[in-house]
Amino acid sequence: SRLTADTVEMSENISFVFRFSIEALVRVCGVAGYMVVCSWQLALLTCALIPANSFLNRFYGEWLHRNAKRSQDALARSNVCAQEAISGIQTVKAFAKEAFELAKYRKAVERYYELGILQGVVRSS
């Protein structure tokens with residue numbers, strides 16, 4: 001039944017989360033211990049850099065999220081432009097506004113393209 005399938009899925013996900021969390025904790029403790037044994041000064045420096053790295057990762061993640069939302073909005077606007085022009089094709093042709101509609105659509109698609117390029121450049125560096 002649906003309830004059984006959902007319960008099984010949840011139990012598998014929860015067991016994965018716990019298993020992954022324990023594995024990550026053991027790995028972090030092992031690496032930290034190894035760093036302290038090899039060079040406590042470098043281990044201390046690494047621990048001092050963790051807050052700055054966390055701040056930068058949070059800022060980067062928020063930027064990626066905002067840009068992805070802007071990109072999706074731009075794609076939605078381009079789809080709206082196309083749908084309006086296609087559904088009102090008789091009106092567009094009657095007023096000879098094909099070039100205007102094409103320019104409006106092109107601008108919307110170019111905005112989506114620019115945001116996609118920006119996202120790709122930032123993610124690749």
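What share of the 125 residues in the protein is buried? Buried residues make up 13% of them. The model is a predicted one. The protein holds four helices and zero strands, running α-α-α-α from the N terminus. Its radius of gyration is 26 Å, well over the 14 Å that the globule rule gives for 125 residues, so the protein is more spread out than a compact globule.

**Overall form**
- The C-alpha trace spans about 80 × 50 × 15 Å along its principal axes.
- Among contacts with a separation of 6 or more, 68% join residues 24 or more positions apart.

**Surface**
- Met10, Ile14 and Phe18 form a nonpolar patch on the surface.
- Together these three residues have about 320 Å² of accessible area.

**Phe18 in helix 1**
- Phe18 belongs to helix 1, which covers residues 2-38.
- Its relative accessible area is 55%, over the 50% cut-off, so Phe18 counts as exposed.
- Phe18 is also one of the residues in the nonpolar patch.

**Glu101 in helix 4**
- Glu101 sits in helix 4, residues 98-124.
- Its relative accessible area is 15%, under the 20% cut-off, so Glu101 counts as buried.
- Leaving aside residues up to four places away in sequence, Glu101 touches Cys81, Ala85 and Val92.

Methods: Residues numbered from 1 in each chain as written. Predicted model: local features only at pLDDT ≥ 70, side-chain atom pairs only at ≥ 80, totals over all residues. Heavy atoms only, no water. Patch = residues over 30% accessible without salt bridge, like charges linked within 9 Å, V, L, I, M, F, W, Y side chains within 5 Å. Areas by Shrake-Rupley, 256 points an atom, 1.4 Å probe, with all protein chains shown as cover. Salt bridge = Lys/Arg side-chain N within 4 Å of Asp/Glu carboxyl O. Helix = DSSP H or I, 4+ residues; strand = E, 2+ residues; numbered from the N terminus. Buried < 20%, exposed > 50% of the residue type's maximum accessible area, 1.4 Å probe, protein only. Contact = heavy atoms within 4.5 Å. Rg over C-alpha atoms; globule rule 2.2 N^0.38 Å.
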